[in-house]
Amino acid sequence: MNGHSLLSVAGWWVAWVYAISLSLPMLLGSIRNESHQGFDEVFQRWSREIVFSSTGVTVSEAERDGLATLKAISTNPAPVAGNVRVRVEELTARNGTDFEVAERGAEIHFDKGATEGTLRFLPDWGPDVRVVGAAEWQPPRSFRLRLQSGKDAVSAGDLAMCTVTIDDGPEPVKSDLTPVRFARKQIVVPRKDVATTDIEFAADSTVAETVPVSFDLYRDVDGSREPLGQFTREITKGGRKTAFRLADVFSPTELEKMGIADDGLPGLDEAYEVDLMASPPLFPDGPRTCRLVSENTNPPPASRLVYFDERKQPIDWIDPKGYVSVAYDGNPLRNRSTHFVSIDGKKLPEEVVIDAGSKQGSLVSLAGQGLEGRQGRRCGVGSSCGSGCGKGQGGCSGKAVCGEPVPGDYMLIVVNNERLHDPGDGIVDEVRKALADGSAKPYDNGAIILNPEDEDTLTPETGGPDPKKMFQPFDKEGHDLAGQLKRIEEVVARKREAAAKPDLRAVVVWPERDLSAGTGLRQVEGEDLRPMSFLLPDADASYARNVARSLMPKGPRTGDLTVRAPSEQELQVHLTNVIAQGNATTGTPSEDSAAGTAK
């Protein structure tokens, strides 16, 4: 080999070593990841996403290797092979008696690339956690497996935990024991008969000697059992069946304390459960529990809405800063109940709670419910039953004024027509004199000047009709007699609501010159707008009678609506008379009263 050949060989050797050095990190990439983490660290980071495939499994005591198929899963394949430790916690099952854990501890193994793992398995042992066969039948018992993969802080039901239940199946019947059971699984009776109803139980065959049978009594409260008492009865020698009554095994005082005694109060149906327990030569067979349903047939109380001011003092109107509640009339419920309150269709966020045996519910605040903007308006208020209401029990509804009722013994309305603005017209002055009389208090301390769009106030000293706001029946739509009458009815209804007096007398001074020639007059709408008195200053007797006939409703209560036509000079006298007397005339207006003839 010449020198050139040796140099060539040496060159190839160097090149080969250099190539190996460059590829070494790639080869090691299967051993160490890009962050230069070891196998364990890579697996631990990945295993934090592992969960059990189920939160609970059931195995038989005969299945020693029953947990061999228990799986833990991940959505991502394992980057390397590894094990996840499992903590085993006793619940009702005991380590060493009901299950065993391998000396090396319990772990779940994942192969590289796997998304499912199972408990490690040794041929001479089985899975890391195995079931111990019981020498005799045992009731179901359980223990918990908890993954130790960064999920120590878990809540009930988290898939990082799995509850294992060991179930031996039905209790075997011993040939030397006689089954005993309740005759009926459920008995439904009226509440008054609960304590005196026969509850029968029987053995499959007669007993050779008198045998005691024990019972536990529970109340069923929303699926939970509340223990009430224990007692024992006997199947006498040669007998097979017997019965008992709760009134025979508990004293009246005990029954009352338990809530079983009938107190005559309405309420929900209730349920009680009696468990049967027997010892040899008997054993309890199904049904071993008898459910006793108490139907409450007592009529529920009527409910009503009650109101309170912000100092929690009772009132008969809605205080926007106060409270509302629900009260019972009649016997209260024997159980707690709740009610929802709505105002003008809007349900309040807080519910009224009425405690058992109480007639008055909790106070629900009205502050912040936007009621300030409804001052003086009658609001629709209603209640609906929530939980705990008796059979057939409904809510209640009604109307109440929002805000303190406006005071007043009568309502005086002056329609703002053109005549009031004639030079020298004295109608407004006569109204002021009537207001100053003092024998009765006007609504809101003054007369109401009725405009087409709003109202102003007239007092003995201040206020008066504004000519810019008067009705213009020949120039503007809705200002004719029909429109004026509609406004009168509308304002009377609204002001009565604000006064919380549905029968507050309304006295209307209607100085319309064209009442006789105008059209659109009709009967006053409904009896709810009575009592009303119309005064037509200086109206002619004949057409005043026509107006009276047009306004006057048909029926026996015609005296609730009167029409007079006094002269301007007599207006104060008529106003004072109507205000003081309330109902100034009875029956159909006479010609003199309609014409305003002074007497």
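In the predicted model, F182 stands opposite F201 of strand 15. These two residues belong to an antiparallel pairing in which three bridges connect strand 13 (residues 178-182) with strand 15. Strand 15 spans residues 199-203, and four of its five residues are buried, so that the strand is mostly covered. It also pairs with strand 18 (residues 241-244), to which it runs antiparallel and is joined by four bridges. Within this second pairing, A243 of strand 18 is the bridge partner of E200.

The protein chain as a whole contains nine helices and 36 strands. Of its 599 residues, 43% are buried. Among contacts with a separation of 6 or more, 69% are made by residues 24 or more positions apart. The accessible surface of the protein chain amounts to about 30800 Å², and carbon and sulfur atoms account for 49% of that area.

Eight strands form an open sheet with mixed pairing, in the order 1-3-7-6-4-11-12-2. Strand 1 (51-52) and strand 2 (56-59) are at the edges of this sheet; each has a single partner strand, so one side of each lacks a neighbour in the sheet. Strand 3 (residues 71-73) is paired with strand 7 (residues 116-119) in the antiparallel sense, over three bridges. In this pairing K71 is located opposite T118 of strand 7.

Helix 2 (residues 39-47) lies across strand 4 and strand 6, and runs at about 55° to strand 4. Its buried residues are V42, F43, W46 and S47. Viewed down the axis of helix 2, the buried residues fall within an arc of 125° and so line one face of the helix. The buried residues of helix 2 pack against strand 4 (82-90) and strand 6 (106-110). D40, Q44 and R45 are exposed and are carried on the face of helix 2 turned away from its buried side.

The loop between strand 2 and strand 3 contains E61. This residue is partly exposed, at a relative accessible area of 21%. With neighbours within four places in sequence left aside, the contacts of E61 are V131, V132, G133, A134, R141, I166, D167 and D168. The C-alpha atom of E61 is separated by 9.6 Å from that of P140, a residue 79 positions away along the chain.

The largest nonpolar core comprises 34 residues, and those with the most contacts inside it are I488, W510, M532, F534 and L551. Two or more residues are given to this core by each of strand 31 (411-415), strand 32 (447-450), helix 6 (481-499), strand 34 (506-509), strand 35 (532-535), helix 7 (541-551) and strand 36 (561-564). Helix 6 makes the greatest contribution, with seven residues. Another core, of 30 residues, lies apart from this one and includes A203, V207, Y272 and V274.

Helix 5 (residues 427-435) has seven of its nine residues buried, and is therefore largely enclosed by the rest of the structure. The buried residues of helix 5 are I427, V428, E430, V431, R432, A434 and L435.

Several backbone features remain to be described. Most residues other than glycine have a negative phi, and most peptide bonds are trans. The peptide bond from P280 to P281 is cis, with omega near 15°, and P281 is located in the loop between strand 19 (270-277) and strand 20 (282-284). A cis peptide bond also links G286 to P287, with omega near -5°. P287 occupies the loop between strand 20 and strand 21 (289-295).

Positive phi values in residues other than glycine occur at D344, where phi is near 50°, and at D444, where phi is near 55°. D344 lies in the loop between strand 25 (337-343) and strand 26 (346-347), and is partly exposed at 43% relative accessibility. D444 is found in the loop between helix 5 and strand 32. With a relative accessible area of 44%, D444 is likewise partly exposed.

Note on methods. Residues numbered from 1 in each chain as written. Predicted model: local features only at pLDDT ≥ 70, side-chain atom pairs only at ≥ 80, totals over all residues. Heavy atoms only, no water. Buried < 20%, exposed > 50% of the residue type's maximum accessible area, 1.4 Å probe, protein only. Arc of directions from axis to C-beta. Contact = heavy atoms within 4.5 Å. Core = buried A, V, L, I, M, F, W, Y, C linked by side-chain atoms within 4.5 Å. Areas by Shrake-Rupley, 256 points an atom, 1.4 Å probe, with all protein chains shown as cover. Pairing = 2+ DSSP bridges. Axes fitted to C-alpha atoms, helices over the stretch in contact; angles between N-to-C directions.
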